[in-house]
Protein chains: 4
Amino acid sequence: MLGPNNYGKAEVRVLRVDRGADKHEIADLNVSVALSGDLAATHLTGENDNVLPTDTQKNTVYAFARDGIGSPESFGLRLARHFVDSQPSIERARIGIEKYAWDQNDRHSFARAGDVVDTTAVTYDGTTAWVVAGLTGLVLLNTTNSEFSGFIVDRYTTLAPTTDRILATSVDAEWRYSVDDADWPALREFARQALVGKFVTTYSYSLQQTLYQMGQAVLDEVPEVAEVRLSLPNRHHFLVDLAPFGLDNPGEVYFPADRPYGLIEGTVLREGAPPPGLAWSLRSGE
Amino acid sequence: MLGPNNYGKAEVRVLRVDRGADKHEIADLNVSVALSGDLAATHLTGENDNVLPTDTQKNTVYAFARDGIGSPESFGLRLARHFVDSQPSIERARIGIEKYAWDQNDRHSFARAGDVVDTTAVTYDGTTAWVVAGLTGLVLLNTTNSEFSGFIVDRYTTLAPTTDRILATSVDAEWRYSVDDADWPALREFARQALVGKFVTTYSYSLQQTLYQMGQAVLDEVPEVAEVRLSLPNRHHFLVDLAPFGLDNPGEVYFPADRPYGLIEGTVLREGAPPPGLAWSLRSGE
Amino acid sequence: MLGPNNYGKAEVRVLRVDRGADKHEIADLNVSVALSGDLAATHLTGENDNVLPTDTQKNTVYAFARDGIGSPESFGLRLARHFVDSQPSIERARIGIEKYAWDQNDRHSFARAGDVVDTTAVTYDGTTAWVVAGLTGLVLLNTTNSEFSGFIVDRYTTLAPTTDRILATSVDAEWRYSVDDADWPALREFARQALVGKFVTTYSYSLQQTLYQMGQAVLDEVPEVAEVRLSLPNRHHFLVDLAPFGLDNPGEVYFPADRPYGLIEGTVLREGAPPPGLAWSLRSGE
Amino acid sequence: MLGPNNYGKAEVRVLRVDRGADKHEIADLNVSVALSGDLAATHLTGENDNVLPTDTQKNTVYAFARDGIGSPESFGLRLARHFVDSQPSIERARIGIEKYAWDQNDRHSFARAGDVVDTTAVTYDGTTAWVVAGLTGLVLLNTTNSEFSGFIVDRYTTLAPTTDRILATSVDAEWRYSVDDADWPALREFARQALVGKFVTTYSYSLQQTLYQMGQAVLDEVPEVAEVRLSLPNRHHFLVDLAPFGLDNPGEVYFPADRPYGLIEGTVLREGAPPPGLAWSLRSGE
């Protein structure tokens with residue numbers, strides 16, 4: 001029995017140049033299309049009458065970029081609506097977009113601006129459009145104002161409580177909007193500032209607490225956000241024991257470990273927020 | 001408002017050596033623990049009374065490995081049950097395991113056997129245990145017996161139909177069992193053989209059709225499997241145009257492209273299968 | 001016959017925190033040690049009398065970090081001199097350091113500042129110390145002022161000449177100093193500015209020309225530099241053909257390709273510069 | 001002053017299918033071309049009269065693949081000779097090739113066979129051709145027969161001597177031939193077997209000793225090899241201390257660490273071997 005399914009072209013890289021008289025501007029995107037609908041035939045018999053080729057999806061991304069990109073949210077909305085509204089067999093579309101940041105050196109010259117990536121996921125079912133924005137790869141570190149104590153101690157516990165540790169993480173965040181039309185760049189910037197600002201100012205008793213504070217800050221600062229999902233790896237920095245060498249180590253020399261790492265994941269919801277619908281997945285039951 | 005959340009230690013690497021008289025055996029795992037339960041306090045106030053530290057979770061993995069590992073499925077079940085049954089605040093546990101394959105050179109010597117990774121995810125809620133097995137990184141390629149034609153043609157379509165193309169993919173598969181006790185290694189091997197065997201023998205009219213055949217084969221060969229989820233990137237191999245150099249190219253020289261790629265994802269369900277419960281996620285509504 | 005050899009501890013990660021009253025400062029390094037010398041015995045017979053364990057090398061990095069790190073160049077010099085001067089069997093040491101950049105959010109809070117990595121390689125042979133600085137991962141792009149024409153045309157040439165293309169690269173640069181004591185951070189910053197500034201302002205007829213201009217700029221701006229080595233991948237951006245969709249494409253929509261890519265590598269030397277000695281390798285003949 | 005330089009197309013991916021009546025065969029390569037010669041003009045003035053475009057180099061790889069690939073060594077020799085012999089301005093060519101391994105499932109069906117990659121580097125200067133073969137990513141592990149003791153102890157040494165440890169590495173090997181015509185696949189297989197066989201059977205007192213034994217074995221088994229270069233990371237497996245949990249750990253439960261790692265690099269030379277010439281680099285002085 002065929003269950004939920006989708007298909008599409010993933011990772012269509014596109015660079016759009018706007019050649020203004022005074023200066024050029026660029027948008028550098030990685031666009032992934034996923035479609036679902038009346039697709040049983042291609043699975044069961046290989047009849048492709050209802051299949052819009054993934055190659056065509058790629059072409060569509062480039063053709064639509066010709067008219068300008070604007071924000072990734074609005075570009076995703078245009079693409080998602082096009083696929084569903086133009087093809088009877090396509091009932092749902094999800095457009096995932098990564099946007100890479102560039103600094104402008106000069107009129108026509110640019111430098112990549114770090115490895116934080118702005119993410120967008122737009123889903124459309126012919127009636128409703130859901131917009132999720134986010135970011136990934138934002139690495140933050142506090143050298144103090146982080147404790148961890150009062151936890152369960154069982155047979156396997158060797159961790160000592162601490163009243164001062166380094167707290168470091170790489171923020172993966174996604175926030176779901178309750179609107180499908182907005183000043184997307186402004187909202188994104190407010191959300192980003194809320195996340196960073198709250199990480200900086202929170203005196204942390206657990207990374208869970210920091211996570212909740214960060215999510216709540218986005219809800220507080222951006223009324224259009226209904227829900228925030230955060231995934232925060234705890235990038236452990238262990239104080240090195242220098243006593244064997246006759247040295248103390250008053251919070252100065254740390255070993256940043258690769259693996260294993262703590263992983264803290266959580267959702268902060270606005271009370272009375274609309275249900276998520278297909279915001280998080282093309283699969284309706286999920 | 002705090003929504004679904006979980007925390008745990010991710011990517012605990014463990015190598016277990018069984019030093020038999022005749023030969024040594026090794027199990028090489030990457031274990032990730034995720035726990036959820038009565039954890040509002042640590043999020044809202046930073047009180048950690050209900051938190052079993054992720055460091056303790058790591059220690060537990062190593063201590064349990066001392067008693068032997070067996071299959072990743074059984075090791076995951078032991079760990080998941082331990083965390084929930086021993087800690088009142090922990091209501092659900094999910095143990096994800098990657099297992100790396102090694103060939104045995106000699107009594108005590110081994111060589112890594114490729115980059116196919118066996119995956120396992122066990123979830124337990126105090127009453128029920130769900131077991132999902134899978135594999136990732138299995139790269140398969142057919143040099144013929146693959147067509148693609150009869151698809152939708154719209155304004156943006158430039159793809160020509162083809163009656164003979166290379167079909168290549170990297171299989172990511174997960175299958176959900178309807179049992180929580182079984183000869184896990186045997187079932188895994190049956191499933192793997194079903195996936196590979198059906199990829200080899202299917203004359204393909206679309207990658208979706210191949211996907212469905214592969215999923216169905218697992219259900220046919222392994223009665224204990226209720227559901228198969230497959231994610232198959234279409235690793236495009238484009239025939240190189242050699243005409244500018246005065247050469248023909250009768251299906252001989254191909255350019256394997258990196259990006260973009262088609263991505264085909266689908267589920268094949270056994271009719272009358274039990275509902276998935278928490279098999280796919282700690283979040284019950286998903 | 002045993003030829004050139006070296007050994008050491010690679011990728012010792014260290015974070016150093018300086019906890020000033022007004023603000024904290026951090027240095028985030030990845031340190032690799034390579035030593036060579038009178039090491040035939042351990043290769044030929046397994047006698048380790050002359051071997052300083054790589055574990056001890058790691059400990060030494062942490063112990064030396066306790067006294068402060070300063071610039072990676074000075075930290076590398078301290079370490080290299082220590083290993084050679086304290087161990088009779090160690091005749092040469094090479095310390096490779098990657099330094100990761102952080103922005104300061106607040107008194108004690110930081111955010112990773114992109115993926116450009118500052119590199120350093122210090123070599124010492126008991127008498128002379130060579131210092132090489134560099135950077136990797138600096139991605140630059142010009143939307144115009146780049147041509148490519150007048151090249152050789154042979155049987156296999158299909159490329160059309162162009163008078164306006166996108167020029168993009170990821171700069172890997174290393175420059176060798178003729179001094180072993182200097183204001184290292186200042187020189188590094190001058191070199192970086194020279195590289196970026198010249199990429200921005202050069203009207204390019206080939207990436208080779210841009211490379212040479214960039215190298216020459218470093219020599220012009222930093223008298224202490226004797227030699228610059230650059231490795232510049234040509235990150236091709238292909239103009240997408242939108243004609244099949246009835247659209248023109250006046251330099252607006254590009255496909256950034258992954259592979260293959262051009263790779264341009266070259267050296268720019270100051271006339272009369274001292275010979276490189278061991279600056280580029282522990283192997284003297286190289 | 002312009003120093004050594006080269007340019008070329010890197011990472012040209014090519015899949016060649018031989019469609020025999022009984023079964024198909026495939027060769028899956030990643031080819032990188034680097035050329036040097038009379039190229040001052042393009043660096044100094046941007047005049048490209050002497051530049052064979054990297055795009056043409058890519059086309060040449062595909063056109064030559066039309067005539068069959070054979071071994072990577074012979075394919076590299078054909079390409080290297082073509083570029084130098086057909087272009088007056090090109091004085092030296094270096095062809096680097098990675099070859100990916102596939103198992104044959106059936107007449108026309110294949111599965112990727114692990115992540116060991118066969119490497120080849122062919123250099124040609126118009127007169128002489130040098131051939132270097134190698135492999136990368138061969139991960140080997142012995143559960144016993146490895147000691148490490150008798151080393152230097154200084155102020156920073158905390159490592160305890162051990163008479164039984166796990167020895168694991170990921171072999172990167174390159175061997176230089178003294179011939180430019182041979183049964184390349186057979187020699188490669190002999191070399192590979194020598195490396196693996198000697199790792200298995202050597203009782204190791206240091207990884208340096210194992211390295212030397214492995215290199216010597218290649219020289220012993222393959223008379224055509226003049227020199228072997230090995231780079232062996234010491235993939236540390238630390239015995240986990242289970243005493244806090246009331247458990248012993250008699251060589252059973254290990255933590256495989258990511259970083260830092262030991263790195264042992266060395267060369268084993270045949271006495272009387274011919275000098276390397278350009279075998280290792282296009283730069284003659286290196």
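At what angle do α2(B) and helix α3 (residues 72-86) of chain B pack, and how far apart are their axes? The angle is about 130° and the axes lie 11 Å apart. The views below come from a predicted model, in which local features need pLDDT of at least 70, side-chain atom pairs count only at pLDDT 80 or more, and totals for chains, interfaces and linings use all residues. Residues are numbered from 1 along each chain as its sequence is written, while chains are lettered from A and ligands numbered from 1 in the order in which they are written.

**View 1. Helices α2(B) and α3(B) cross in a right-handed sense.** Helices (H or I, at least four residues) and strands (E, at least two) are DSSP runs, numbered from the N terminus. Axes are lines fitted to C-alpha atoms, for helices over the stretch in contact; angles run from 0 to 180 degrees between N-to-C directions. The pair α2(B) and α3(B) is therefore oblique. Angles under 35 degrees count as roughly parallel, over 145 as roughly antiparallel, 65 to 115 as roughly perpendicular and the rest as oblique. A crossing is right-handed if the near helix is turned clockwise from the far one by less than a right angle, left-handed if anticlockwise. T60(B), V61(B) and F64(B) of α2(B) meet R78(B), L79(B) and H82(B) of α3(B). Contact requires C-beta atoms, placed from the backbone, within 7 Å. Three nonpolar, two polar and one charged residue make up this contact. Ala, Val, Leu, Ile, Met, Phe, Trp, Tyr, Cys and Pro count as nonpolar, Asp, Glu, Lys and Arg as charged, and the others, Gly among them, as polar.

**View 2. Helix α4 (residues 184-201) of chain D packs on helix α5 (residues 207-221) of chain D.** Their angle is about 145°, with axes 8 Å apart. The crossing of α4(D) and α5(D) is right-handed. Residues of α4(D) in the contact include F190(D), A194(D) and F199(D). Among their counterparts in α5(D) are M214(D), V218(D) and E221(D). The contact holds eight nonpolar, three polar and two charged residues.

**View 3. Chain B meets chain A through 62 residues from each chain.** On the side of chain B, the elements giving two or more residues are β1 (2-10), β2 (12-19), α1 (40-44), α2 (54-66), α5 (207-221) and β11 (261-269). That side has 25 nonpolar, 24 polar and 13 charged residues. Strand β1 (residues 2-10) of chain A pairs with β11(B), antiparallel, over seven bridges. Pairing needs at least two DSSP bridges between two strands. A10(A) stands opposite Y261(B).

**View 4. Strand β10 (residues 253-256) of chain B pairs antiparallel with strand β9 (residues 237-239) of chain B.** Three bridges join these strands. H237(B) stands opposite P256(B). Two bridges also join β10(B) to strand β2 (residues 12-19) of chain D, again antiparallel. There, V253(B) has R16(D) as its bridge partner.

**View 5. A rotation of 180° superposes chain C on chain B.** The shift along the axis is 0.0 Å and the RMSD 0.0 Å. The two copies are thus related as by a two-fold rotation axis. Superposition is by least squares on C-alpha atoms of residues with pLDDT of at least 70 in both copies. D258(C) comes closest to the axis among residues of chain C, at 3.5 Å (C-alpha). Seven residues from chain C and seven residues from chain B form the contact. The side of chain C has three nonpolar, one polar and three charged residues.

Terms used:
Contact = placed C-beta atoms within 7 Å.
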